[in-house]
There are 2 protein chains.
Amino acid sequence: MHCVFVFDTYNRQTINRYMELFMTLDVVGIGNAIVDVLARTEDAFLAEHNLTKGSMALTSAEDAEKLYAAMGPAVEVSGGSAANTIAGVAALGGTAGFMGKVADDQLGEVFSHDIRSLGVEYTTTPTSDGTPTARSFILVTPDAERTMNTFLGACVELGPDDVNEEMIKNAKVLYLEGYLWDPEEAKKAFLKAMDIANNSDTKVALTLSDSFCVDRFKHEFIELVENQVDILFANEAEITELYGEKNFDKAAQMAAEHLHLVILTRSEKGAVIISDGNRIDIPAFDTSVEDTTGAGDLYAAGFLYGFTQGYSHEDCGKIAALCASEIISHVGARPETDLNALVKEKLGL
Amino acid sequence: MHCVFVFDTYNRQTINRYMELFMTLDVVGIGNAIVDVLARTEDAFLAEHNLTKGSMALTSAEDAEKLYAAMGPAVEVSGGSAANTIAGVAALGGTAGFMGKVADDQLGEVFSHDIRSLGVEYTTTPTSDGTPTARSFILVTPDAERTMNTFLGACVELGPDDVNEEMIKNAKVLYLEGYLWDPEEAKKAFLKAMDIANNSDTKVALTLSDSFCVDRFKHEFIELVENQVDILFANEAEITELYGEKNFDKAAQMAAEHLHLVILTRSEKGAVIISDGNRIDIPAFDTSVEDTTGAGDLYAAGFLYGFTQGYSHEDCGKIAALCASEIISHVGARPETDLNALVKEKLGL
């Protein structure tokens with residue numbers, strides 16, 4: 001009876017508009033669904049295990065086990081690059097969805113709980129074939145730099161069938177991580193999702209993820225950037241690697257020629273936003289750095305939250321820098337502070 | 001050939017002494033083997049779920065699942081009261097062993113990895129009957145107080161057969177947590193371990209764990225304290241609960257009558273150490289408090305490390321206070337700093 005009453009009171013158009021608003025998500029992300037295993041270490045440990053500081057390397061289950069046995073006590077926190085970004089968008093007060101594959105195991109439950117508890121729509125079916133949930137062994141050196149070794153586990157089973165078409169069509173932004181090009185089927189899911197977005201009003205945002213990842217897929221990434229991506233996130237190492245152009249400003253210009261919006265982060269040097277020929281430089285927030293894990297992910301979260309709320313690019317950049325400063329002030333790539341309150345307090349936005 | 005040469009060069013007595021040194025552990029702990037699931041929350045959440053702030057409550061698998069579904073994103077860190085203490089002793093540079101039951105699941109691997117990676121001897125066979133590794137859902141309110149809901153899982157399967165007699169005989173101190181009286185079989189393991197210690201040169205140290213736990217087993221704990229325990233750790237709420245004596249000083253005196261060494265912690269008021277009629281008051285370290293989880297555990301770690309290295313009770317108290325200050329400065333009950341270096345730097349010990 002109550003429903004009928006509501007239906008009678010409001011006209012159909014109002015209800016449709018309400019439903020549309022309800023269904024529209026600010027950002028939908030697709031990425032590797034990973035639990036981070038974070039431990040502090042010394043530089044000597046990286047050298048001993050032939051690990052390249054600051055990079056993300058893929059590792060087999062066997063090698064992951066060896067590394068885990070050798071490393072010190074750790075902390076487990078939900079991670080995954082795009083997942084961190086989506087968690088950040090939700091923590092800021094945006095509406096968000098995520099697609100990524102975990103297993104039906106304890107770490108899969110951890111990942112699912114953490115992202116859903118932020119209000120993120122996450123419905124990808126977990127795999128139950130025995131492949132465990134992905135883990136990234138993250139070693140944090142005294143200089144706060146993180147070095148990642150990722151065992152992809154269940155992530156390799158994300159495929160085109162896991163792409164939720166309705167969710168993407170109804171999102172303002174589809175956010176994709178370059179890391180998805182590592183698992184073969186995930187790449188197909190990536191391409192399918194991008195096609196759906198390109199055929200609707202959904203903007204496509206891409207992060208290049210990691211300079212070694214760019215090196216692996218350079219030509220494919222350039223083609224994507226030139227043809228299907230609207231918004232590009234990259235750091236200095238990634239953008240210079242993409243264009244094989246050591247001069248940052250030149251590389252930035254090359255990206256800007258093909259894209260509506262380019263956001264380039266430069267750690268403590270802040271970030272550069274280029275849109276339709278206009279360049280804005282946004283300084284980084286001054287903060288004590290504990291662990292850089294997730295800095296780029298939360299930068300993207302802050303920017304996309306601002307972008308989908310209709311803020312100016314400059315304000316988006318400020319929110320982004322603030323979110324990045326929060327994440328590097330503690331261990332782990334998921335926010336420990338109420339980001340929404342932080343933005344209000346520090347920026348008045 | 002090499003072995004024979006070594007054997008010939010050193011006489012048997014030297015080798016035996018070396019073996020003995022090698023075998024003697026400073027502290028062996030027995031406790032519930034738990035992974036902590038830590039999340040920040042508001043006071044309203046505690047009220048809504050009828051949780052008593054600052055306490056540890058036991059929960060069923062079903063209720064644990066409901067609480068987990070309701071709580072926000074969390075961080076997973078190895079925990080368990082005695083296990084935290086043992087991890088602390090090892091981090092300080094002491095030699096240590098631990099007995100406690102996990103399952104052969106992912107959280108069991110996390111617990112085992114973390115404690116072993118500190119050099120702790122941990123050989124308890126994991127259960128494989130499907131009961132999962134124990135979890136404690138720890139909610140940290142803005143005042144940094146922690147409220148714990150523990151699902152004991154595999155811990156209830158620790159029994160007398162898991163007690164490693166040789167390890168206890170060869171330890172300087174056996175450290176037991178009062179929480180072990182909750183699972184029925186663990187209580188038997190506790191009593192067996194204490195008997196072994198009482199019949200050798202191993203001192204028995206007990207922590208009362210929690211005032212609700214004391215309330216559950218008051219008479220049994222008093223009997224233990226009067227007859228089988230050498231060193232008692234308790235906080236203000238626990239010692240006053242044990243003797244039903246609201247006046248802290250009187251309760252402290254009552255404990256001291258039966259024990260060689262009593263260590264009573266009083267949060268920011270510091271701690272009181274009473275030994276053979278002499279009372280020493282040790283102030284707390286001034287620090288910013290993020291999360292009080294593990295404060296008592298790391299206090300005991302610092303004290304027992306100092307005690308087994310032969311330091312004065314006053315120095316033991318200082319090391320203890322320093323370790324407690326480290327643990328409350330961040331989320332989680334396992335140290336994030338090199339405790340050994342910290343003690344050298346701050347106390348010159």
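**Entry 1: the contact.** I began where the two chains meet, and found that the contact takes 19 residues from chain A and 19 residues from chain B. I count two residues as in contact if their C-beta atoms, placed from the backbone, lie within 7 Å. This is a predicted model, in which local features need pLDDT of at least 70 and side-chain atom pairs count only at pLDDT 80 or more, while totals for chains, interfaces and linings use all residues. Residues are numbered from 1 along each chain as its sequence is written, with chains lettered from A and ligands numbered from 1 in the order in which they are written.

**Entry 2: who contributes.** On the side of chain A that touches chain B, β4 (75-78) and α6 (106-116) are the elements that give two or more residues. Here helices (H or I, at least four residues) and strands (E, at least two) are DSSP runs, numbered from the N terminus. α6(A) gives the most to this side, with five residues.

**Entry 3: the strands.** Next I looked at β4(A), which pairs with β4 (residues 75-78) of chain B in the antiparallel sense over three bridges; pairing requires that DSSP finds at least two bridges between the strands. Within this pair, A:E76 stands opposite B:E76.

**Entry 4: the symmetry.** How are the two chains related? A rotation of 180° with 0.0 Å of shift along its axis superposes chain A on chain B, RMSD 0.0 Å (least squares on the C-alpha atoms of residues with pLDDT of at least 70 in both). That is the relation of a two-fold axis. In chain A, A:E76 has the C-alpha nearest the axis, 2.4 Å from it. I also noted that the same surface serves both copies, as 100% of the contact residues of chain A recur in chain B.
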